[in-house]
Amino acid sequence: MTKEVVDAAVAEYGTERTNLLPVLHRVSEEKHWLSEDDLTQIAKAFSLPAAEVHSVASFYSLLSVKPVGKYVIRVCRTISCHMNGKAAVMDALKKILDIELGETTQDNQFTLLETNCMGWCEAAPAMLINDTVHTNLTPEKVRDIISDYKNKRGS
Amino acid sequence: MEKVKLTINSIPLEVNKGTTLLEAAKKAGINIPTLCHHPDLVPTGNCRLCVVEQKGIPYLLASCTTQASEGMEIETNSPKVRESRKTVLELLLAEHGGNCISCHASGKCQLQSLSQEYFVQKGNLTDIACEETEIDDSSWSIVKDDSKCIRCMRCVRTCSELMGVGAIAGAHKGSEKGVETVVDKEMLCTVCINCGQCVNRCPTGALQEKRYINEVWEAINDPDKIVVVQTAPAVRVGLGEDLGLPAGEIVTGKMAAALKKLGFDVVLDTNFSADLTIMEEGHELLSRLGTALRDKGKAYFPMFTSCCPAWIKFAEHEYPEFLENISTCKSPQQMLGAMIKTYFAEKKKIDPSKIVSVSIMPCTAKKFEAGRPEMQSSGFQDVDYVLTTRELAHMIRQAGIKFEDLEEGTFDSPMGEGTGAALIFGATGGVMEAAIRTAYEVVTGRPVPFDNLNITPLRGTEGIRAASIKIEDPKPEFAFLDGVELNVAIVHGLANVRKVFEDIKAGVSPYHLIEVMACPNGCIGGGGQPTPTSPEIRKKRTAAIYEGEMKLPKRKSHENEEVQALYREFLKEPLGHKSHEYLHTSYKKRT
């Protein structure tokens with residue numbers, strides 16, 4: 001599967017050094033995270049050392065070089081969110097998902113991470129689930145949001 | 001050349017435009033401390049230790065990346081500069097793990113010496129060193145301890161700029177930034193070629209060779225074992241540097257004497273098997289030329305030399321479709337290893353199972369080579385332990401031997417004789433020169449047509465060098481070579497080999513034989529040689545090699561009497577049945 005995904009991304013963007021990031025992004029969209037196999041295949045396509053591709057991929061917070069679930073939750077850990085009840089939101093998430101920070105649920109659906117400020121201070125606390133921002137969070141609201149994502153899976 | 005005038009610490013200077021402040025200060029006899037800077041690498045200015053103050057500018061400049069400009073007034077030792085350097089060192093120490101007392105780099109560590117110079121100690125800032133970092137000692141050659149890494153990126157630049165390998169790179173960011181292989185996997189399982197050039201340039205103890213000193217002491221102290229040692233050509237022009245002598249001294253006699261004093265039972269010379277390699281490799285080249293030119297058959301050209309195990313592993317990873325082009329000859333270390341446990345054991349009536357074969361190499365990749373499963377042709381592991389030049393110096397210090405005062409010793413016999421052709425194996429171009437001296441004479445019956453046998457077009461420091469030698473009036477059996485222009489090339493600094501392969505892949509490479517040595521300037525600049533390393537130091541070692549060879553009575557491999565005896569008594573002929581069994585090998589594709 002890696003080869004098809006990488007080939008398609010490379011076909012779309014080309015193998016100029018400047019296109020490495022778009023390719024990493026596209027592969028990441030398909031596979032949620034970049035495995036050694038993905039990185040090596042991309043490196044081969046770009047004629048770059050695999051360690052260098054890993055270097056680029058690991059630099060960016062929104063690219064993951066470690067396994068993550070289908071939905072990556074990133075809770076803002078910066079000061080405004082912290083002062084507006086981020087801790088309670090985080091506790092609720094841990095309880096609902098039954099995982100600790102940095103872990104992935106057994107069914108590989110959710111990974112719980114933190115992020116630095118996303119610029120949503122006026123609607124704190126905030127979190128990101130994949131590309132979608134959720135704001136003005138409370139433990140109750142978080143419960144509903146996670147339920148929605150869980151139901152999405154069924155639909 | 002356009003000049004600029006400036007002052008450094010009030011000393012007026014005139015330098016070429018483009019000169020960095022660091023270089024200008026050096027000219028004025030002023031030392032500016034550095035950590036991430038290295039004379040072999042492109043400056044990056046990331047450690048900020050080399051900062052200097054320019055009059056009229058509120059911020060400090062990194063002298064390694066700032067070019068001198070007209071009218072600059074530079075202070076390299078102002079209170080502001082000193083304070084800033086001190087802070088940089090405090091910050092580095094706060095996240096630097098390990099314990100100087102147990103660190104192999106102690107005494108050679110630049111972070112340690114600079115901290116002492118600036119009265120900085122661990123604990124001035126809150127310690128955030130991560131002591132739980134796992135030490136990666138999976139590689140047979142190199143140990144990587146990230147807790148000691150100061151992220152100067154010298155190793156990363158070495159691996160990509162000089163070697164063209166890119167096994168390691170800076171990964172993650174901020175407080176998590178570190179030097180990692182792809183997905184941080186074990187070094188053993190990566191494209192690392194074990195050359196050790198990163199070890200030579202690491203300013204701390206984060207990258208070290210894997211040491212086998214204790215194992216060797218154990219063998220020496222075991223009365224049941226016969227410990228046989230061999231020393232590579234380049235070791236004798238490096239060893240002195242780690243024992244208090246200046247760079248560029250050749251210490252062959254003292255080295256042999258020291259090895260006896262350490263308790264090695266038999267002291268042999270890898271120069272012997274360098275001569276043996278020339279016999280085999282020279283005949284292999286002639287055999288390939290015969291197949292192509294006389295028999296009109298398929299032979300693989302260009303033929304590559306195979307003495308360098310770092311280059312071999314690189315080729316196995318990067319150019320597996322060209323493995324047939326590499327000479328099948330084992331390296332001199334492995335040839336001698338195979339001969340010690342067969343020919344030598346037979347001749348001396350020693351049970352080969354009791355022999356512990358040790359080699360002293362300027363190289364960390366030789367440790368990997370010795371462990372390759374193909375290297376057991378004697379029925380045992382042909383070479384048991386490989387020590388670097390640095391490790392030998394360490395053993396000499398441990399034994400309390402006063403190296404400078406040693407009487408000149410000699411190698412044992414047989415397999416202790418080496419010609420000048422073998423000695424020059426230690427420098428880039430040396431294998432080629434030795435091979436041509438012998439091959440030309442085998443083909444024509446005359447010595448090479450160069451003054452004093454010195455084939456100077458093959459020598460030098462250029463990363464890729466080429467030369468042609470025309471063969472005229474050969475012996476009848478080599479009539480097919482009459483008028484043939486033998487085109488050869490020499491590559492050192494492995495990044496350069498990629499350029500050579502571009503031509504080969506395009507089908508426009510004119511060469512018959514290419515010598516490849518991974519390390520800059522060849523084995524004298526090897527990853528197991530004393531540190532520091534720089535172009536000047538390597539130039540001195542190279543000069544010592546060529547001066548040393550002029551003093552030797554024999555300078556052609558085929559004149560080595562002990563090699564001749566080995567063929568008479570055991571191998572019979574170059575490329576013969578026994579040669580193939582013991583002296584030749586094969587390569588495998590690696591991912």
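Student: How are residues and chains numbered and lettered, and what pLDDT do local features need?
Tutor: Residues are numbered from 1 along each chain as its sequence is written, while chains are lettered from A and ligands numbered from 1 in the order in which they are written. In this predicted model side-chain atom pairs count only at pLDDT 80 or more, totals for chains, interfaces and linings use all residues, and local features need pLDDT of at least 70.

Student: Why is strand β17 of chain B largely enclosed by the rest of the structure?
Tutor: Strands (E, at least two residues) and helices (H or I, at least four) are DSSP runs, numbered from the N terminus. A residue is buried if 20 or more other C-beta atoms lie within 10 Å of its own, exposed if 12 or fewer, and partly exposed in between, with C-beta atoms placed from the backbone. On one side of β17(B) L513(B), E515(B) and M517(B) are buried, and on the other I514(B) and V516(B). The strand, residues 513–517, is largely enclosed because the buried residues number 5 of the 5.

Student: Which residue of β17(B) is the bridge partner of F304(B)?
Tutor: Two strands pair if DSSP finds at least two bridges between them. Strand β12 (residues 303–304) of chain B pairs with β17(B) in the parallel sense over 2 bridges. The partner of F304(B) is I514(B).

Student: What hand has the β-α-β unit that contains helix α15 of chain B?
Tutor: Strand β16 (residues 485–492) of chain B runs parallel to β17(B), joined by 5 bridges, and V491(B) stands opposite V516(B). A crossover is right-handed if, with the strands pointing away from the viewer, the path from the first strand over the helix to the second runs clockwise. With α15(B), residues 497–505, between them, β16(B) and β17(B) make a unit that is right-handed.

Student: Are α1(A) and α3(A) roughly parallel or oblique to each other?
Tutor: Helix α1 (residues 2–13) and helix α3 (residues 36–46) of chain A pack with their axes 10 Å apart, at an angle of about 40°. Axes are lines fitted to C-alpha atoms, for helices over the stretch in contact, and angles run from 0 to 180 degrees between N-to-C directions. Angles under 35 degrees count as roughly parallel, over 145 as roughly antiparallel, 65 to 115 as roughly perpendicular and the rest as oblique. The two helices are therefore oblique.

Student: Which elements of chain B do the buried residues of α12(B) pack against?
Tutor: In helix α12 (residues 389–398) of chain B, 7 of the 10 residues are buried, among them R390(B), L392(B) and I396(B). Two residues are in contact if their C-beta atoms, placed from the backbone, lie within 7 Å. The buried residues pack against α6, α7, β13 and β14 of chain B.

Student: Which helix gives the most to the side of chain A that touches chain B?
Tutor: The contact takes 12 residues from chain A and 13 residues from chain B. On the chain A side, α3 and α4 (50–59) each supply at least two residues. With 7 residues, the one that gives the most is α4(A).

Student: Which are the edge strands of the open sheet of 5 strands in chain B?
Tutor: The order is β2-β1-β5-β3-β4, with mixed pairing. Each edge strand pairs on one side only, and these are β2(B) and β4(B).
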